[in-house]
Amino acid sequence: MLEKLFQLKARGTDLSTEILAGLTTFMTMAYILAVNPGILSATGMSKDAVFFATCVGAGLVTIAMGLYVNFPIALAPGMGLNAYFAVVASQAGGIPWDVALGAVFISGVIFIILTVTQVRQLLVEAFPHALKKAITVGIGLFITIIGMKLSHLTVASLHLGPSLGQVTSSGGYGHLLYFEWDLILGSLLHPDTMLALIGLILTALLMAMHIRGALLIGIVTTTLLGIPMGVTKISDFSFTWPSLNNLAVGALNLRGAFEMGLVSVVLTFTFVELFDTFGTLVGTAGKAGLLDERGRSPHIGKAMLVDAFGVSLGAFLGTSTITAYVESAAGIGQGGRTGLTSVTTGVLFLLALVLAPFFKLIPDAATAPALIIVGVLMISSITEIDFNDFTEALPAFLTFAFMPFTYNIANGIAAGIVFYTLLKIATGKSKDVHWLMYLLTVLVIWRYVSLGGH
């Protein structure tokens with residue numbers, strides 16, 4: 001039955017590999033179980049309610065991705081979009097959280113319409129080969145910097161300057177001048193950093209020796225090594241049944257979203273999710289060998305439809321935008337090639353309702369090495385970009401450079417779109433540009449100009 005459903009042999013995989021891959025993906029994503037409730041609770045939402053929505057939303061949508069699309073891609077409330085949601089629905093934002101959920105739901109409906117009408121699928125046809133490969137590279141760099149931050153190998157160094165007082169007085173929101181901050185190497189004597197380095201060395205050795213399940217073994221072993229080092233906090237462990245009080249299921253306020261005219265909020269959710277999902281799907285599916293030589297797949301449209309329904313389902317359950325996760329690349333790096341990987345991950349998210357205390361024991365320092373190594377696997381696509389043609393090279397470079405350095409997948413894709421179109425026109429190669437790229441260039445410029453430039 002599993003063979004017929006997931007085509008394991010046809011994709012060169014087997015049951016144990018897929019389950020290991022699903023476990024690996026889940027462990028690299030498990031941080032969202034703690035982080036998302038913490039972020040959204042700033043809006044006045046119940047942490048228990050957000051935790052429930054995170055587990056159930058991520059579980060159901062990821063299982064749907066596995067069963068309906070047969071892709072090894074997991075989904076959960078997106079980082080960045082949840083922070084934007086929290087800002088919009090904070091006291092300073094002036095929008096009640098239930099109204100903000102209504103805006104997220106509307107953006108999901110827009111995605112459903114765009115997907116059913118084949119507009120989102122046109123992106124796959126319109127994007128040139130160089131940008132598709134650059135997206136894969138960019139996701140590799142993006143997931144690497146996540147790992148570097150989680151391990152404290154990369155930290156921000158702040159200096160005294162005129163902007164610091166403004167940031168402090170505003171409660172942490174603001175922009176520092178370029179000379180007021182740097183990204184530097186963290187202290188190698190910090191317990192978290194030491195553990196992450198040990199985990200990185202261990203996992204790298206396992207990968208080099210082609211040990212099956214290397215990433216998962218690395219995460220588990222590093223977690224255990226963290227106990228005597230005081231990083232894995234077993235003293236904080238306590239098993240409690242999940243609280244189902246004050247759930248936000250169905251609490252979204254659609255009328256309020258329309259009455260308050262949240263056009264800019266809806267457009268921001270829509271824009272970021274549009275390019276984030278496109279980039280993640282193309283980048284991870286390509287690395288899994290699920291796209292043809294032109295970067296296409298008959299299943300991309302179905303994957304986008306699952307993602308679209310996931311956005312609205314998440315809002316109905318009571319969480320911010322659910323989106324495809326770049327951490328899916330960890331499972332793909334472990335050998336995941338079918339939807340069974342996603343089903344495994346989704347089931348674990350549902351089980352997390354009860355087993356969350358166990359999963360929360362895994363420290364960031366244990367998952368960080370896996371993310372860094374996945375970056376190596378993803379960045380290999382850079383060899384397929386033609387750097388001898390500057391009209392291909394610069395847009396591709398900006399695509400994969402903007403993703404980690406602006407900490408946003410959508411920004412990288414937007415930069416690639418604009419510069420690819422402009423350079424092709426300027427060099428008389430406009431016929432090489434798909435008509436949709438012209439439209440996207442206009443929309444990208446309009447979006448950044450009209451919605452605040454970031």
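I first looked up contacts (heavy atoms within 4.5 Å). Among those in the chain between residues at least 6 apart in sequence, 81% join residues at least 24 apart.

I noted the conventions next. The model is predicted, so local features need pLDDT of at least 70 and side-chain atom pairs count only at pLDDT 80 or more, while totals for chains, interfaces and linings use all residues. Residues are numbered from 1 along each chain as its sequence is written, and side-chain values use heavy atoms, with hydrogens and water left out.

I then looked up the secondary structure, which comes to 20 helices and four strands; these are DSSP runs numbered from the N terminus, helices being H or I of at least four residues and strands E of at least two. The radius of gyration is 21 Å, close to the 22 Å that the globule rule gives for 454 residues, so the chain is as compact as a globular protein of that length. That radius is taken over C-alpha atoms, and the rule is 2.2 Å times the number of residues to the power 0.38. I recorded 54% of the 454 residues as buried, meaning under 20% relative accessible area (1.4 Å probe, protein chains only).

Last, I examined helix H18, residues 390–405. Its 16 residues reach 21 Å from first C-alpha to last, close to the 22 Å expected at 1.5 Å a residue, the expected span being 1.5 Å times one less than the number of residues. Its buried residues, including Phe400 and Met403, pack against helix H8 (129–150) and helix H19 (409–426). Just after H18, Tyr407 takes a positive phi of about 55°.

Terms used
Buried < 20%, exposed > 50% of the residue type's maximum accessible area, 1.4 Å probe, protein only.
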